[in-house]
Amino acid sequence: MALVRKGSRRIIVDGTVYRWRLRGRPTYCRGLAWSPCAFAVEHADTPGATLVVVADQPHPSNWTGREAEPVVPSRVAAAVRLALSKGWTPTTPGSSFHLDQSTGFTPSS
């Protein structure tokens with residue numbers, strides 16, 4: 001599944017151009033900080049398998065007022081490098097590649 005261009009940002013990681021996006025409005029569970037935020041990354045020129053990264057923090061726009069750091073390009077670049085080392089092939093069509101970095105996330109009660 002390809003990323004929506006609107007709202008996505010370009011990032012260059014080790015000379016390769018990608019697009020990434022964090023959903024602007026959180027889903028219900030993410031809005032209540034019951035589940036951590038996630039962002040998606042794909043190759044900019046030849047989109048294939050999308051990388052879905054689950055972070056270790058609540059969505060920055062959560063409704064409970066829980067403090068959350070913004071998702072910054074350096075974090076996206078680190079996730080891309082890790083996913084590539086774990087076998088993600090961004091230009092090959094297929095199902096999305098999931099990278100779970102949610103260790104340490106505590107859901108709101």
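**View 1. Asp56 and Arg75, joined by a salt bridge.** At 33% relative accessibility, Asp56 counts as partly exposed in this predicted model. The side chain of Asp56 meets that of Arg75 in a salt bridge, with an N to O distance of 3.0 Å. Because Arg75 belongs to helix H2 and Asp56 to the loop between E4 and H2, the pair ties together parts that are 19 residues apart in sequence. Arg75, with a relative accessibility of 22%, likewise counts as partly exposed.

View 2. Five strands, in the order E1-E2-E3-E4-E5, make up an open sheet with mixed pairing. Strand E1 (9-13) and strand E5 (97-100) stand at the edges and have a single partner strand each, so one side of each is left without a neighbour in the sheet. On average, and with direction ignored, neighbouring strands of this sheet are turned by 30° against each other. Helix H2, which spans residues 73-85, packs on the sheet and touches E1, strand E2 (16-22), strand E3 (38-43), E4 and E5, while its direction makes about 55° with that of E1.

View 3. Strands of a sheet pair through backbone hydrogen bonds, either parallel or antiparallel. Strand E4, residues 51-54, pairs with E5 in the parallel sense over four bridges. Val54 has Asp100 in E5 as its bridge partner.

**View 4. The hairpin of E1 and E2, with Asp14 in its turn.** E1 and E2 pair in the antiparallel sense over five bridges, and Ile11 stands opposite Tyr18 in E2. Two residues lie between the strands of this hairpin, and Asp14 in the turn has a positive phi of about 50°, a value found here in a residue other than glycine. Asp14 counts as exposed at 60% relative accessibility. Arg81 itself is partly exposed, with a relative accessible area of 39%.

View 5. Side chains of opposite charge can pair when their charged atoms come close.

View 6. His43 is found in strand E3 and, at 12% relative accessibility, counts as buried. The side chain of His43 reaches the backbone nitrogen of Asp45 at 3.2 Å and the backbone nitrogen of Thr46 at 3.0 Å. With its neighbours within four places in sequence left aside, His43 is in contact with Thr16, Val17, Tyr18, Pro90 and Thr91.

**View 7. Ala33, a buried loop residue with positive phi.** Ala33 lies in the loop between helix H1 (28-31) and E3. Phi of Ala33 is near 60°, a positive value in a residue other than glycine, and Ala33 is buried, with a relative accessible area of 0%.

How values were computed:
Residues numbered from 1 in each chain as written. Predicted model: local features only at pLDDT ≥ 70, side-chain atom pairs only at ≥ 80, totals over all residues. Heavy atoms only, no water. Pairing = 2+ DSSP bridges. Axes fitted to C-alpha atoms, helices over the stretch in contact; angles between N-to-C directions. Contact = heavy atoms within 4.5 Å. Buried < 20%, exposed > 50% of the residue type's maximum accessible area, 1.4 Å probe, protein only. Polar contact = N/O pair within 3.5 Å; in protein donor to acceptor, adjacent residues only side chain to side chain. Salt bridge = Lys/Arg side-chain N within 4 Å of Asp/Glu carboxyl O.
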